[in-house]
Amino acid sequence: MAMSDTSRAYAEQLDKEDALSSFKQEFYVKEGTIYMDGNSLGLLSKRSEQSLLAVLDSWRTLGIDGWTEGEHPWFDYSEKLGAMLAPLVGASAEEVIVTGSTTTNLHQLVATFYRPEGARTKIVADELTFPSDIYVLQSQIRLHGLDPQEHLIQVKSRDGRMVNEDDIIAAMSDEVALVLLPSVLYRSGQLLDIQRLSAAARARNIPIGFDLCHSIGAVQHELSLWDVDFAVWCNYKYLNAGPGSVAGLFVNRRHFGRLPALAGWFSSRKDVQFDMDHQLTPAEHAGAYQIGTPHILSAAPLMGSLLMFAEAGIDKLRAKSLRMTQYMMDLMESELSGMGFVIGNPIEDHRRGGHVALIHEEAVRICKALKDNGVVPDFRAPDVIRLAPIPLYTSFQDVWDMVQRLRAIMLEKQYERYEKKRGVVA
């Protein structure tokens, strides 16, 4: 049922009641623009800018001594960031490390945990997951001399938008050696039941990992409590660490001491790393899954951002995210009725991630019109408009204004001015 009060005054009242509203002033938000694409790339904050400048200053003043001196020495920078990230995924500091990219981390962990043997040779994924994850799984299967067509099981969606957990669990047969799933489906925003899926995999003695790219920073996690084996994520979406920023990974402490499949110099235990021994002594925590030298300049903005997350609290951020996405859906139901839109994300709070997936046959042209009207959306082929109100820097008035601009675009048929073709980068 549509909400009763669709006035701008109501949006203003919600902003007055918002305990997190002050964080918006910490971000660089282009004047006149409503940014709804933070689930693809978060905006720059002043604190992230300062933490990057601090690293540049230490490089300028200390040179190579920056590895061991200064406020934040680079030698253990990844571990320090891992400890700051740990509360966001429900893990101990030792179980998290900031390193690599999502895809390289996924290669590392799949190579480590996928051990086909006997009848157990298959990997379970889903057909709606992000393509990069599938590329990794196909590559790792081939490296074992196996055929992805036979050994990669992609659980089918019943409606083309969401995946049923019952179907995933049904695929966990005694032929399965690994399960890899997204926490949130990137198109529809469906939040999977990680706890239930992990318990099902554990009961069948199957290692299970999750890609948290579309949930980290927007949704609470309890990876240690849920006994997840491993997880990977990027830090440039809801965590606002900048384009191409260093990623993160989690390895359950049950697996500490396990030799990483892809070892490198920074896999080493730090106290012996400079012994230069040709026999690796791996770190006794998630740091063992690092490969190369930390990308300090790409990691630095994350520190400033995580300071804000610590202040705001992921529980409050999640509560505001849910309230904003619900408010957005209510406004859409009221203001966009009869215009051909379908809300493609789950309605229930416990199944919804951080964005609204608005489906329309003219989605690509509507997105172009939105950008020319000062709204930055995200298009996903063939017909999805993703809109992500970010708790740290989106106001309820932003949500209200965005829906009004979208309503005008539809009433005036502004989208008809544009070619029905997406750009190279959507």
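The legends below describe close-up views of a predicted model.

**View 1. Packing of helix 3 against helix 9.** Helix 3 (residues 77-89) and helix 9 (residues 296-312) pack with their axes 10 Å apart, at an angle of about 35 degrees. The crossing of helix 3 with helix 9 is left-handed. From helix 3, the residues in contact are Y77, K80, L81, M84, L85 and L88; their counterparts in helix 9 are I296, A299, A300, L302, M303, L306, L307 and F309. By class, this contact holds 13 nonpolar residues, no polar residue and one charged residue.

**View 2. The largest pocket.** The volume of the largest pocket is about 300 Å³. Its lining consists of 22 residues, and T102, F130, C213, Y236 and K237 are those nearest the centre. Helix 4 (102-113) and helix 5 (131-143) each contribute at least two residues to the lining. The lining divides into nine nonpolar, nine polar and four charged residues.

View 3. Four strands form an open sheet in the order 9-10-13-12, and their pairing is antiparallel. Strand 9 (342-343) and strand 12 (378-380) are at the edges and have a single partner strand each, so one side of each lacks a neighbour in the sheet. Strand 9 runs antiparallel to strand 10 (residues 356-359) and is joined to strand 10 by two bridges. I343 has L358 of strand 10 as its bridge partner.

**View 4. Helices on the sheet.** Helix 10 (residues 314-335) packs on the sheet and touches strand 9, strand 10 and strand 13 (384-387). The direction of helix 10 makes about 20 degrees with that of strand 10. Helix 11 (residues 363-372) also packs on the sheet, touching strand 12 and strand 13, and its direction makes about 40 degrees with that of strand 13.

Key: Residues are numbered from 1 along each chain as its sequence is written. This is a predicted model: local features need pLDDT of at least 70, side-chain atom pairs count only at pLDDT 80 or more; totals for chains, interfaces and linings use all residues. Side-chain values use heavy atoms; hydrogens and water are left out. Axes are lines fitted to C-alpha atoms, for helices over the stretch in contact, and angles run from 0 to 180 degrees between N-to-C directions. A crossing is left-handed if the near helix is turned anticlockwise from the far one by less than a right angle, and right-handed if clockwise. Contact means heavy atoms within 4.5 Å. Ala, Val, Leu, Ile, Met, Phe, Trp, Tyr, Cys and Pro count as nonpolar, Asp, Glu, Lys and Arg as charged, and the others, Gly among them, as polar. On a 1 Å grid over the protein atoms alone, a cavity is a set of points where a 1.4 Å probe fits but cannot get out, and a pocket is an open set with protein on both sides within 12 Å along at least five of seven lines; lining residues have an atom within 4 Å of a point. Grid points are joined across faces, edges and corners, and a volume is the space filled by probe spheres set on the points. Two strands pair if DSSP finds at least two bridges between them.
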